[in-house]
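Subject: Structure for you to look at, with notes

Dear colleague,

I am passing on the structure we talked about, and I would be glad if you could look through it with the notes below at hand. Please read the notes beside the display.

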Amino acid sequence: MDPVEETRVPVSMIGKVVFASLQIDPHPQLLDWLREDLARRVVQSRATRVLLDLSGLVTLDEHEYAHILTTASMLKLLGAGTVLVGMRPGTVAALAALDADLSAVPGACDVAQGLALPTGN
């Protein structure tokens, strides 16, 4: 496998939900690949929900968060709502201090809680 490809985020299915777990610090190319891979999987599976697990991230800056919000908006146009799961309290507090729009995408403490949310989210 190409060393560059090894840094792609695995995208899988949990039932009828698309799931990806970002466990390494994101960089623009990685976030672009993730966007493409999520969109492809949503279209192929006709999923109506995407869970994006951010529990592995120690930090998330405003540009990376904006990229994730844009991805969520794109997925919504494809018919799938995005739920961010596992964000660390310090990361959320830092984004709030930067006046990031924390209401743009629903969140959940963990994957189980994200799966339990009503489909409308």
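This is a predicted model: local features need pLDDT of at least 70, side-chain atom pairs count only at pLDDT 80 or more; totals for chains, interfaces and linings use all residues.

Five strands, in the order S1-S2-S3-S4-S5, form an open sheet whose pairing is mixed. Its edges are strand S1 (11-14) and S5, each of which pairs on one side only. Strand S2 (residues 17-21) pairs with S3 in the parallel sense over 4 bridges, and within that pairing alanine 20 has leucine 52 of S3 as its bridge partner. S3 in turn runs parallel to strand S4 (residues 81-85), to which 5 bridges join it, and here aspartate 53 stands opposite valine 85 of S4. S4 is then joined to S5 by 2 bridges, again with the strands running parallel, and valine 85 stands opposite alanine 108 in S5.

Why can S3 be called largely enclosed by the rest of the structure? The reason is that 5 of the 5 residues of S3 are buried, a term that stands for under 20% relative accessible area. In a regular strand the side chains alternate between the two faces of the sheet. In S3, Arg49, Leu51 and Asp53 point one way while Val50 and Leu52 point the other way, and all of them are buried.

In soluble globular proteins, nonpolar side chains tend to be buried together. The largest nonpolar core here has 27 residues, among which Leu38 and Leu54 touch the most other members. The elements that give two or more residues to this core are S2, H1, S3 and H2, and the largest share, 7 residues, comes from H1.

As for empty space, rolling a probe the size of a water molecule over the atoms shows where it is left. The count comes to 1 cavity of 30 Å³ or more, and the largest cavity has a volume of about 30 Å³. Its lining is made up of Leu31, Leu34, Arg35, Leu38, Leu52, Ile68 and Thr71, with H1 and H2 being the elements that give two or more residues to that lining. H1 gives the most, with 4 residues, and by class the lining of the largest cavity has 5 nonpolar, 1 polar and 1 charged residues.

A few single residues remain. Arginine 46 has a phi near 60 degrees, a positive value in a residue other than glycine, and is found in the loop between helix H1 (28-45) and strand S3 (49-53). With a relative accessibility of 73%, arginine 46 counts as exposed. Aspartate 99 likewise has a phi near 60 degrees, a positive value in a residue other than glycine, and is found in the loop between helix H3 (89-97) and strand S5 (107-108). Aspartate 99 is exposed, with a relative accessible area of 69%.

Threonine 70, by contrast, has its place in helix H2 and counts as partly exposed, at 44% relative accessibility. The C-alpha atoms of threonine 70 and arginine 35 are separated by 9.0 Å, and the two residues lie 35 residues apart along the chain.

With best wishes

Definitions and conventions. Residues are numbered from 1 along each chain as its sequence is written. Side-chain values use heavy atoms; hydrogens and water are left out. Buried means under 20% relative accessible area, exposed over 50%, partly exposed in between (1.4 Å probe, protein chains only). Two strands pair if DSSP finds at least two bridges between them. A nonpolar core is a set of buried Ala, Val, Leu, Ile, Met, Phe, Trp, Tyr and Cys residues joined through side-chain atoms within 4.5 Å. On a 1 Å grid over the protein atoms alone, a cavity is a set of points where a 1.4 Å probe fits but cannot get out, and a pocket is an open set with protein on both sides within 12 Å along at least five of seven lines; lining residues have an atom within 4 Å of a point. Grid points are joined across faces, edges and corners, and a volume is the space filled by probe spheres set on the points. Ala, Val, Leu, Ile, Met, Phe, Trp, Tyr, Cys and Pro count as nonpolar, Asp, Glu, Lys and Arg as charged, and the others, Gly among them, as polar.
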